[in-house]
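Please look over the model shown below before reading the points. They are set out by topic and can be checked one at a time.

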Amino acid sequence: MFELFAYDFMQRSLLAAALVGALCSTIGVFVVLRGLAFMGAGTAHAAFAGVALGYLMGWPPLLMALLFGLATVWVTGWVEEKGRMKLDVSIGILYTATMALAILFIGLMKTYNAEVYGYLFGNVLAVTSEELLTIAGLSIVVVGAIVLFSKELYFIAFDQEMAEASGVPARRIFFLLLTLVALTVVISLKTVGGILVFAMILIPASTAYQLTHSLSTLTWYSIVIGVFCSVGGVLISSYWDVPSGPAIVLLATLLFFVAILLSPKRQRQSLAVN
Amino acid sequence: MASHSSPIIHFDHATFGFPGVIALEDISIEIQSGEFIGVIGPNGSGKTTLCRAVLGLMPPLKGHLRIFDCACDELRCHHKAMIGYLPQKGVVDRNFPVTVLETVTMGRYGALGLFKRPGRKDREIAMESLSHVGMDMHKDTALGYLSGGQQQRVFIARALAQQPQVLLLDEPTTGLDITTQHNVVELVQHLHEELGLTILLITHDINMIRSRVDRLVLLKTRLYAAGPPADVLKPDILSQVYGKDLVITDKDLVIVEDYHHHH
């Protein structure tokens, strides 16, 4: 197995997986705590529609993905804030509408384009050095923003109205969180793909949630689990020659169920019922 | 009673709501520093709207609202950290992974401002707030492991950590057993006396607070009465507001109401 590390492409993909794993699992903490899981899934599909439009029109696909992703999170965030419509309804509509757009854009292409499908399923083993640099640069921006605003992000995840009432600019922080979610999705699109990126955001944080009662511990657990699953998934993928995305996500899912079985919360809750 | 210098909260013919829906209409009231005010009224009478207005989350549609030196005719008031707020129970996820001390320290975040991390002084203030509510020995316990009454104490400590001048409590006793209800109200009265906090306590349970407050404010979209409990709790005034839900026994007034949460 260790001779794999000698290959350049292997080093690149392990590094990319570790970066994307760390990034997704960090933002995932706030997504899970703030209850934005479904919104993130919708964003991933919208970003894919952006990629498809980019290829159709000859525009930069990742830029289009970013525009579509940002539009989706801002619209859903605005709808949630106004309370005009239930959040799951508005996201459900955007989710399917953007997927329909993606299918339409792909249908309009004259020729079969394998690269587009690469964004749907992701292939971390095919990451180039340039892409790795882009991933690293954007990860620094997103993680930097999270570190700078961590206390406000935790507060609005806990209770946005309480945060607003105690003088934190909660609305702006909420839209910052939404923007960071969209950025994370776009950064991860090439490596894990539009369908699976959300698992990478959701599962490590949800697994960590089972294991601790402290916010700071939760975040560190989530990052460790995210990096472990990404790197482990890539190794499994190249060793047994299976697709990398499913390997990462299924490894994370397995850990999630193990965590549920071991959760001190679950044991404590069954005691507390009495 | 407090001195009648300038009021710290001043509603001046203020109307609140959303376009087309009036939640509170033409409210005028002055609240002095150091008062203990109980806000009562039936469901949907605008109690929670009053609360949101005082928090600066809702500017008046008409009229004026002044809180401290802040004219709250627009959003983005700067008085917020001066008001410690206990939201209705059930708003917060019980299983949220947070310890007691982490919860209380959040009370410091508004005052700290962006980019600054809580330091030793903030932890000291948080611990002091916890000891005011008698929960300092539980600082490392998970919030979800506490009983309902203990959680209320922790949330009150979180509000105290803001070092506020006003404590605003929205239905603090709902969902607690009778003994715990009394303990929570007693704690509030203790904080009022010991820390000199101005208290605004919103409740549907008149009998719980009537003997403790300086003034009662009776709402049903409009302000029906405001004054000492003896002046407000009169059968003719109350029956205007509560109608058939009002039952008057020998010595006591009892308001029978199907109480439901309204968010």
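1. Basis. This is a predicted model, in which local features need pLDDT of at least 70 and side-chain atom pairs count only at pLDDT 80 or more, while totals for chains, interfaces and linings use all residues. Residues are numbered from 1 along each chain as its sequence is written, and chains are lettered from A and ligands numbered from 1 in the order in which they are written.

2. Confidence. The predictor reports an ipTM of 0.81 and a pTM of 0.85 for the complex. Two residues are in contact if their C-beta atoms, placed from the backbone, lie within 7 Å.

3. Six-stranded sheet of chain B. Helices (H or I, at least four residues) and strands (E, at least two) are DSSP runs, numbered from the N terminus; two strands pair if DSSP finds at least two bridges between them. Six strands of chain B make an open sheet with mixed pairing, in the order E6-E7-E8-E3-E9-E10. Strands E6 (83-86) and E10 (222-227) of chain B each have a single partner strand, so one side of each has no neighbour in the sheet. From one strand to the next the twist averages 15°; the angles run from 0 to 180 degrees between N-to-C directions, with axes fitted to C-alpha atoms, for helices over the stretch in contact.

4. E6(B) and E7(B) run parallel and are joined by four bridges, with Ile83(B) partnered by Val166(B) in E7(B). E7(B) pairs with E8(B) in the parallel sense over five bridges; Leu167(B) has Ile199(B) as its bridge partner in E8(B), and Asp170(B) has Ile202(B).

5. Which residues of E7(B) point each way? Val166(B), Leu168(B) and Asp170(B) point one way, Leu167(B) and Leu169(B) the other, and all are buried (20 or more other C-beta atoms within 10 Å of the residue's own; exposed is 12 or fewer and partly exposed lies in between, with C-beta atoms placed from the backbone). E8(B) is covered on both faces, with Thr198(B), Leu200(B) and Ile202(B) buried on one side and Ile199(B) and Leu201(B) buried on the other.

6. Helix H1(B). Helix H1 (residues 47-54) of chain B lies across E3, E6, E7 (166-170), E8 (198-202) and E9 of chain B, at about 150° to E7(B). Eight of the eight residues of H1(B) are buried, including Lys47(B) and Arg52(B). Just after H1(B), Gly56(B) has a positive phi of about 75°.

7. Four-stranded sheet of chain B. This open sheet has the order E2-E1-E4-E5 and antiparallel pairing. Strands E2 (21-31) and E5 (70-71) of chain B are at the edges, each pairing on one side only. Strand E1 (residues 9-18) and strand E4 (residues 62-67) of chain B pair in the antiparallel sense over five bridges, and Asp12(B) stands opposite His64(B).

8. Helix pair in chain A. Helices H2 (residues 37-57) and H5 (residues 114-121) of chain A pack at about 170°, with axes 10 Å apart. H2(A) and H5(A) are therefore roughly antiparallel (under 35 degrees is roughly parallel, over 145 roughly antiparallel, 65 to 115 roughly perpendicular, and the rest oblique). Phe48(A), Val51(A), Ala52(A) and Tyr55(A) of H2(A) meet Glu115(A), Val116(A), Tyr119(A) and Leu120(A) of H5(A).

9. Contact between the chains. Chain A gives 22 residues and chain B gives 26 residues. On the chain A side, the elements giving two or more residues are helices H7 (150-165), H10 (215-240) and H12 (264-272). H7(A) supplies the largest share of that side, nine residues. By class, the side of chain A that touches chain B has ten nonpolar, five polar and seven charged residues (nonpolar: Ala, Val, Leu, Ile, Met, Phe, Trp, Tyr, Cys and Pro; charged: Asp, Glu, Lys and Arg; polar: the others, Gly among them).
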